[in-house]
Amino acid sequence: MRRPRIRRPRSLAGQLFATQIVLVAVVVAGCAVFACLSDRQQAEEAARRQVTAAATAVAAAPDVRSAAAGPDPSAVLQPYAEQVRHDTGVDFVTIMSPTGVRWSHPDPARIGEPFLGHTGPALAGRTFSETYTGTLGPSVRAVAPVRARPGGPVVALVSAGITVDTISAGLRDELVALTAVALAALTAGGLGAYLLGARLRRHTDGMDAAALGRMRAYHEATLHAVREGLLLLDAGRRVALVNEGGRALLGLRGPRGGLVGRHVTDLGLPPALTAALLDAGPRVDEVHLTDERIVVVNTSPVRGGGAGADRDGGTVVTLRDHTEIQALSGELDSVRSFAEALRSQAHEAANRLHTVVSLIELGRADEAVDFATAELELAQALTDRVVAAVAEPVLAALLLGKAAQANEHGVELALTEDSRVDDGLLPPGLPARDLVTVLGNLIDNAVEAATGETAPGTRRPGRVTVTARTDGEELLLRVGDSGPGVPPDAAAEVFRRGWSTKAPAGAPHGRGLGLALVRQTARRHGGTVTVGASPDGGAEFTVVLPLTTTPTEVPA
């Protein structure tokens, strides 16, 4: 059994081609009909003017007036009328008496017969024209009076005419030419429509209008449903499209349509991110910081666009949120450091235990007790100080872990006497993860700066001083060190991503991210971060976070 053939919908290009062919045909046909009717009217009007001029000229001739008064008008007027007919191109010139008796006619046998047509207006002295059927068939004719003298009586009448067949014959030649032009126009229009349809078919892949509409609907839904950011820039680096994820990740405010057409430099993005978007080359997995987020940026140039394969057609930018990953990574680094510190402490504890055991075996029990007691008091003193001052468990655990880590680097970590953070004071809008980010990065930088630094003329190890206290409705975190400090001219650049005293400024990866994260976290919670000089001789960073305000909400 033969399967029924499923008729596929006509493509958009095919529909446009058919529509264009119909429109071209209608326009050409309409123009041809209009031109034909207009030519016919013009031809009749031209014939009317021609016969009127001929009749008027003959009526004004002196020979006609003198012959009309003679004994045999036909003998003189017949050859004269025929000469005029051949010279003017009209079909007939008839000269007649006021009573309508012909004195001349193209057919000599008709001479002496009455004129077929109206003569009343001419007898009244007025030249007129009409279409009338006479002995030669339908014709356009004019009748003019012949006066004996100017203003005198009418002594004869002159009629000149062109038959309708003659007019139609001229129109047929024009109609043939018009038809040829119409066919040429139709062919040219059809060829142009075909070429346009072929190009459109290539660009639409043969899809029909409904399929294109569905694809656009899917396209719009997909762009604005994904959480990843998408930003399309044209060749002039103006926004062509940005989805909801892109607006959220870049912190762009205002209506979505209001961003289209704006230049990248007008979006208020950080300089490094703006430079990356202005660059025409590709970029892969670059990490950039905005005021509220950490984003991974990938850019891909668009080549082509209709004017050539190498033409700059714009840039496609994809954005991924790296804020949570970076925060988790920081927490993981802190946990690893804490675990490494615990491992080192376990190793040191084992060594001390072996020392105690060896002293006991040597019979020096008193010395073993003194050694164990001194070590216990030294370790317990810092733990008691931290636990007594900082009741917030996350901060306490972080400080103890960082203290052990600093000790491994030969750096003393001390908590100031005025430090005090009670448990339960931190609002829900200030998560412990953000405190780990702020305080952990500041302590890590301080320990690194103080490592190996000693006071001049002494053997005192490097020192890091931490202050954590609540001051009214604010949480103050301050970390100072005994390191080399921050140059005064770099105070404004120290929080920029990529700045570091350990690597070249502007390094895109590796160092220079910790302080940028600290400033970003503080801004997100409505706080501030400043840098100054520490009493220990190095740098001192102060972070103030409000305890009564909620962090800035960023739409997902």
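By the rule that a salt bridge is a side-chain nitrogen of Lys or Arg within 4 Å of a carboxyl oxygen of Asp or Glu, the count comes to 13 salt bridges. The structure is a predicted model, in which local features need pLDDT of at least 70 and side-chain atom pairs count only at pLDDT 80 or more, while totals for chains, interfaces and linings use all residues. Residues are numbered from 1 along each chain as its sequence is written, and side-chain values use heavy atoms, with hydrogens and water left out.

**Salt bridges**

- Side chains of opposite charge can pair when their charged atoms come close.
- Glutamate 82 and arginine 85 form a salt bridge at 2.6 Å, N to O.
- These two residues lie 3 residues apart in helix α3 (residues 73–88), so about one helical turn separates them. Helices (H or I, at least four residues) and strands (E, at least two) are DSSP runs, numbered from the N terminus.
- An α-helix has 3.6 residues a turn, so residues three or four places apart point the same way.
- Glutamate 82 is buried at 15% relative accessible area, and arginine 85 counts as buried at 19%. Here buried means under 20% relative accessible area, exposed over 50%, and partly exposed in between, with a 1.4 Å probe and protein chains only.
- Arginine 283 and aspartate 279 also form a salt bridge, their closest N and O atoms being 3.2 Å apart. Arginine 283 is partly exposed at 21% relative accessibility, and aspartate 279 is partly exposed at 31%.
- Arginine 110 is partly exposed at 31%, as is glutamate 113 at 29%.

**The four-stranded sheet**

- An open sheet of 4 strands runs in the order β1-β4-β3-β2, with antiparallel pairing. Two strands pair if DSSP finds at least two bridges between them.
- β1 (92–96) and β2 (128–134) are the edge strands; each has a single partner strand, so one side of each has no neighbour in the sheet.
- Neighbouring strands are turned by 30° against each other on average, direction ignored. Axes for such angles are lines fitted to C-alpha atoms, for helices over the stretch in contact, and angles run from 0 to 180 degrees between N-to-C directions.
- β2 pairs with β3 (residues 137–147) in the antiparallel sense over 7 bridges. Threonine 131 has valine 140 in β3 as its bridge partner.

**The hairpin of β5 and β6**

- β5 (residues 229–233) and β6 (residues 239–242) pair in the antiparallel sense over 3 bridges. Leucine 232 stands opposite leucine 241 in β6.
- The hairpin has 5 residues between its strands.
- Arginine 237 lies in the loop between β5 and β6. This residue has a positive phi of about 60° although it is not a glycine, and it counts as buried at 7% relative accessibility.

**Helix α12**

- Helix α12 (residues 393–408) has 16 residues and reaches 23 Å from its first C-alpha to its last, close to the 22 Å expected at 1.5 Å a residue. The expected span is 1.5 Å times one less than the number of residues.
- Its buried residues include Leu395, Leu398, Leu399 and Lys402.
- Glycine 410, which follows α12, has a positive phi near 75°.
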